[in-house]
Amino acid sequence: MKRFLIIGGGAAGMLASVYAARNGMEVHLFEQNEKLGKKLFITGKGRCNFTNGCATDELFESFITNPRFLYSAVYGYTNYDVIDFFETAGVKTKMERGGRMFPLSDHSSDIIRALEQQMKKAGVKIHLGSRVKRLLVEKEEDENARITGIQLDNGEKIRGEQVLVATGGNSYPSTGSTGDGYRIAGELGHTIVAPHGSLVPLVSEDTCCGIMQGLALKNVQLTAVNEKKKTVFSEFGEMLFTHFGVSGPLVLSASAHLRDWDKHTYSLSIDLKPALSEEKLEERLLRELREQSNRNMENVLLSLVPTSMVPVLCTRLHIDPELKANSFKKEQRRALLQELKHFTLSVSGPRPVAEAIVTSGGVKVGEVNPGTMESKLITGLYFAGEILDVDAYTGGFNLQIAWSTGRAAGLAAAEEEGER
């Protein structure tokens, strides 16, 4: 029996090991951490948003980079297949807003435990605290190089005819995603698309962010534009002000579209009242000013925006907070209307890649077979998950990529073994 060696005990590596072992392979999984699924454990703030319950063809609308490459893997193992896998393994699940799927318990440990149980049941041999230094290959004349095994950090060489690299990207390095996979793949001749953070908070020099630190805005419309005022992102949802700038679901999604910081400058515009047209909002402003005519403007503003935003609006509008509402001029009202519908922020760049939820960039997909995840350059070498140049929005879509590509690699390796 030939060996399948898997590098990385995250989502893609663990699921690949299950499917390969179930189909008769001798599978060894090597994880440099002291336990499996370290990044899975913190996913979804520890609740593990493990996939999305939308229609399968709608998944591709949320895949940002190289969605066409994922067709075969995802249709071969859909989001419903993933849900069924965990339900069958004993994990009760639930759907929340936006189709986000979670374990009913809200504990990511249930997802990890189910994977570990299926791995052990299938006979996967797990090697913790084992860091792979390089891959071993041999090349015969006029043929592709072929994988022959791996070498660990301690110098030990382990024979294996097929190897899956599922080491993740270089976001959250404390979980073990340190970029080792990029080095390993690059040493074997694979093109590495320069990795950078995707789904990452954004930095703003605007002092209002610090003033409003901790303020979460719900039900707002966030629009991102470049220096030519071209809209590159616009979506409805939630966001958060921080000491360094902005974060939250809307901002993380927007960041995936703000990629060319060397070529472009970007700014954000927040519609604080997206449910109201400018005409309807002006009617409301007139009503508030009329009903609170003898009150200070800071009190009027409190009926429109959260408390910590009031001093920011006063500063932007150049008005005294104690100005009486009946003294608020028409041009000031129009300026307030614009702030409520177009609250603008300049952004200077993303936070460090280590703070990103996922990494964009990685192994060039043109060098990988989309049906099997096998390298087109090295026979017996497979890639799955975040190490590939694929990424998606938040909502369980990145984990779906991991599950689908991991399962495709595991099955392909087992089928190749069966043909020999």
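**Rings and their neighbours**

Reply: Arginine 351 lies over the face of phenylalanine 244, 4.1 Å from the ring centre. Before we go on: this is a predicted model, where local features need pLDDT of at least 70, side-chain atom pairs count only at pLDDT 80 or more, and totals for chains, interfaces and linings use all residues. Residues are numbered from 1 along each chain as its sequence is written, and side-chain values use heavy atoms, with hydrogens and water left out.

Me: What makes a charge sit "over" a ring?

Reply: NZ of Lys or CZ of Arg has to be within 6 Å of the ring centre and within 35 degrees of the ring normal. Lysine 35 is over the face of phenylalanine 41 too, at 5.5 Å from the ring centre.

Me: Why is the pair of tyrosine 19 and phenylalanine 85 called tilted?

Reply: Rings of Phe, Tyr and Trp (its six-membered ring) pair if their centres lie within 6.5 Å; planes under 30 degrees apart are stacked, over 60 edge-to-face, the rest tilted. Here the centres are 6.3 Å apart and the planes at 35°, so tilted it is.

Me: And what makes phenylalanine 50 and phenylalanine 86 edge-to-face?

Reply: Their planes are at 65°, with 5.4 Å centre to centre.

Me: Why does tyrosine 19 count as buried?

Reply: Buried means under 20% relative accessible area (exposed is over 50%, partly exposed in between; 1.4 Å probe, protein chains only). Tyrosine 19 has 12% relative accessibility, so it counts as buried. Phenylalanine 85, at 6%, is buried as well.
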